[in-house]
Amino acid sequence: MSSPSSPDDNTVKVGLKGPTILNNPRFNKGSAFTRDERDQLGLRGRLPFAVDTLEEQTERAYIQYQSRESDLLKNSFLASLKSQNWTLYYSLLSKHLIEMFPIVYTPTEADAIAEYSNLFRRSEGLYLSPPEFDKMEEDFLDACEGRQLDLIVVSDAEAILGIGDQGSGGIAISAAKAVIYTLTAGIDPAKALAVTLDVGTNNEKLLDNDLYVGYREKRVRGQKYDDFVDKFVGLVKKHQPNCLLHFEDFGVTNAQRLLAKYRDQLPVFNDDIQGTGAVALAALQAGIAVTKSKLADQRIIIYGSGSAGLGIARQLRDAIKLESEDGKIDDKEASSKFWLMDKHGLIKKSLEKDKIRDEIEDDFIRSEDDWGSEENDLLTVVKKVKPTVLIGTSTQAGAFTEEVVKEMSKHVDRPIIFPLSNPTKKCEATPKDLRQWSNNKALISTGSPFDPVDNPDEGKKYVVAECNNALIYPGLGLGAILSRSTKMTDSMIIAGSKRLSELAPALTKKDPNESLLPDFGDAPKVNFEIALSVIKASTKDKVSREDTMPNPENEEKLREWASRKSWEPKYMEYKYDPEGLK
Ligand SMILES: NC(=O)c1ccc[n+]([C@@H]2O[C@H](COP(=O)([O-])OP(=O)(O)OC[C@H]3O[C@@H](n4cnc5c(N)ncnc54)[C@H](O)[C@@H]3O)[C@@H](O)[C@H]2O)c1
Ligand SMILES: O=C(O)C[C@H](O)C(=O)O
Ligand SMILES: [Mn+2]
């Protein structure tokens with residue numbers, strides 16, 4: 001819970017009483033307030049007589065959760081629990097991690113976001129809109145409640161997962177990403193803030209919905225948009241200089257631009273670009289270890305070259321360069337291993353200029369000599385390229401067809417296929433189909449969770465890795481937060497990705513039917529390991545500012561220090577003090 005008065009003391013002074021403490025999810029214990037606390041805090045008649053333990057409350061909440069029939073109703077139940085009692089909420093989620101991850105996060109959260117205005121009951125986090133530009137500082141400070149924060153997650157909701165522009169519903173992706181930080185990286189929820197930059201929406205369905213709760217205008221663009229974002233980032237720099245600023249689900253052009261603009265100014269991280277690049281690299285490293293090949297020997301098609309696709313391409317390209325120890329592989333050669341595709345097909349020089357986004361580096365654009373005006377649909381490209389790796393970040397369900405997969409399988413023994421688009425309904429192909437069409441040879445990872453697939457050849461199921469950035473961003477963030485890094489450097493991200501791939505069951509168990517990434521049930525342990533590697537890289541890069549941190553060379557001390565910092569859902573004993581925490 002909140003920081004105790006002394007390290008060996010379980011007590012904390014609180015300055016709230018009666019209904020205000022019951023209505024404060026950070027401090028509320030509900031039926032678990034002790035007799036003494038009820039006396040001190042004016043709660044006696046406000047609570048039923050029995051005093052529950054957290055375990056009993058967790059059990060009751062689980063029974064209530066199970067009685068909700070659909071995933072969306074379960075999601076609403078948990079959102080409501082979160083607004084009442086954080087300790088109980090996180091206790092329940094930690095106890096049923098695997099079961100509840102897909103409910104509070106991908107894929108169910110996507111449905112909750114699409115229905116945000118219709119389901120709206122209670123606000124959370126910070127909503128910023130252009131008409132209140134002049135009051136942004138006041139609103140920002142109010143949301144920080146006088147605390148030094150560790151984490152801010154911000155979205156402008158232009159490209160939410162694969163479901164596009166969701167206007168003010170964007171607050172819910174920021175909040176969901178923050179929940180995962182707490183759940184899997186022990187970030188204190190009182191030190192995290194979810195923000196939406198509600199700059200309008202171009203989603204006609206939302207604009208036409210009488211119940212829409214957001215700023216009902218078309219998206220603000222150009223200088224006005226830049227000024228708005230700049231003012232917000234300026235406030236983070238000014239008032240929360242130690243905080244990690246996590247960008248989520250911005251539209252592709254803004255995502256790239258804003259990352260480049262701010263990444264040297266403060267600890268900024270773009271999850272869709274950097275987190276996705278890092279998790280995909282980890283899964284691919286495990287995949288090529290199974291196929292006993294090298295990264296530099298791959299021919300890689302990236303299908304969908306937006307934030308995620310480009311982020312992955314860049315991360316893999318940099319890893320190929322690093323892999324060539326003698327530095328023989330330069331940018332150009334490393335880029336030649338990639339065929340990037342987008343909604344106009346293969347990205348090649350002969351496409352009209354407006355069909356190639358500015359941020360795509362020249363080296364990634366295929367030349368006239370190779371491609372001319374040839375057809376450039378996926379099947380044609382697969383026929384010609386004979387890829388070893390096919391990655392989907394296109395939001396196009398079903399794009400990896402039977403024909404495409406069969407064609408790919410003709411030329412490579414173990415095709416590596418990662419349909420990463422979320423939520424589940426946007427996935428480029430299901431693992432079951434991919435295995436069937438490839439004669440059970442494909443090595444697969446997906447963006448949303450899928451059950452293991454029957455594997456007739458081996459008498460053992462094939463375990464599908466969930467290649468979702470949630471397996472790495474909490475660890476990358478935790479590493480940056482604990483080391484109080486001035487920025488998130490490329491080496492910190494690569495170190496985290498490398499650590500993640502070492503933990504892949506396909507490698508640790510030396511079994512190709514095992515997953516290319518650790519299970520989400522192990523996400524807390526895995527993200528902790530990632531964080532340690534990130535901290536080490538941050539000291540090497542000399543960006544770490546935390547003086548209380550032990551020398552990272554002393555692994556045991558570092559582990560002990562880092563684990564002591566972790567927030568856990570447990571109740572503290574309260575003493576009333578008007579000057580206490582509020
Ligand atoms: N697994 C993960 O961790 C993870 C992380 C980030 C994004 N994603 C998923 O990846 C998808 C893309 O996300 P994003 O943030 O990059 O969005 P984005 O809008 O930046 O990119 C999507 C890209 O797909 C392209 N596209 C659209 N139709 C296409 C078609 N028919 N053929 C080829 N390309 C096409 C678009 O032109 C665009 O460049 C989403 O579904 C998202 O959920 C997954
Ligand atoms: O949100 C997710 O599940 C992963 C990713 O950030 C996405 O945008 O799809
Ligand atoms: Mn995202």
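The shell around ligand 1 holds 9 nonpolar, 16 polar and 4 charged residues. Here Ala, Val, Leu, Ile, Met, Phe, Trp, Tyr, Cys and Pro count as nonpolar, Asp, Glu, Lys and Arg as charged, and the others, Gly among them, as polar.

The model is predicted: local features need pLDDT of at least 70, side-chain atom pairs count only at pLDDT 80 or more, and totals for chains, interfaces and linings use all residues. Residues are numbered from 1 along each chain as its sequence is written, while chains are lettered from A and ligands numbered from 1 in the order in which they are written.

**Exercise 1. Describe where the shell around ligand 1 comes from.**

Solution. Step one: of the 29 residues around ligand 1, Gly162, Gly304, Gly306, Asn422 and Gly447 come nearest; a residue counts as near if its C-beta atom, placed from the backbone, lies within 6 Å of the molecule. Step two: α14 (271–290), α15 (307–323) and β8 (338–342) each give the shell at least two residues. Helices (H or I, at least four residues) and strands (E, at least two) are DSSP runs, numbered from the N terminus. Step three: domain 1 (53–250) and domain 2 (274–540) each contribute at least three residues. The domain bounds come from an automatic or database domain assignment.

**Exercise 2. List the residues around ligand 2 and sort them by class.**

Solution. Step one: the surrounding residues are Thr106, Leu161, Asp249, Asp271, Asp272, Asn422, Gly447, Asn468 and Asn469. Step two: they divide into 1 nonpolar, 5 polar and 3 charged. Step three: this shell, too, takes at least three residues from each of domain 1 and domain 2.

**Exercise 3. Compare the radius of gyration of the protein with that of a compact globule.**

Solution. Step one: the rule for a globule is 2.2 Å times the number of residues to the power 0.38, with the radius taken over C-alpha atoms. Step three: the C-alpha trace spans about 80 × 55 × 50 Å along its principal axes.

**Exercise 4. Describe how domain 1 and domain 2 meet.**

Solution. Step one: their C-alpha centres lie 28 Å apart. Step two: 21 residues of domain 1 are in contact with 24 residues of domain 2, contact being C-beta atoms, placed from the backbone, within 7 Å. Step three: on the side of domain 1 that touches domain 2, α6 (97–104), α10 and β5 (244–247) each supply at least two residues. That side consists of 15 nonpolar, 5 polar and 1 charged residues.

**Exercise 5. Locate the largest nonpolar core.**

Solution. Step one: a nonpolar core is a set of buried Ala, Val, Leu, Ile, Met, Phe, Trp, Tyr and Cys residues joined through C-beta atoms within 7 Å. A residue is buried if 20 or more other C-beta atoms lie within 10 Å of its own, exposed if 12 or fewer, and partly exposed in between; C-beta atoms are placed from the backbone. Step two: the largest core has 159 residues, and Leu151, Ala283 and Leu476 have the most contacts inside it. Helix α10 (residues 171–185) gives the largest share, 11 residues. Step three: domain 1 and domain 2 both give residues to this core, so it lies between them.

**Exercise 6. Is Ile320 buried or exposed?**

Solution. Step one: Ile320 sits in helix α15. Step two: Ile320 is buried, because 23 other C-beta atoms lie within 10 Å. Step three: beyond neighbours within four places in sequence, Ile320 is in contact with Leu295, Ala296, Ile329, Ala334 and Lys337.

How values were computed: Contact = placed C-beta atoms within 7 Å.
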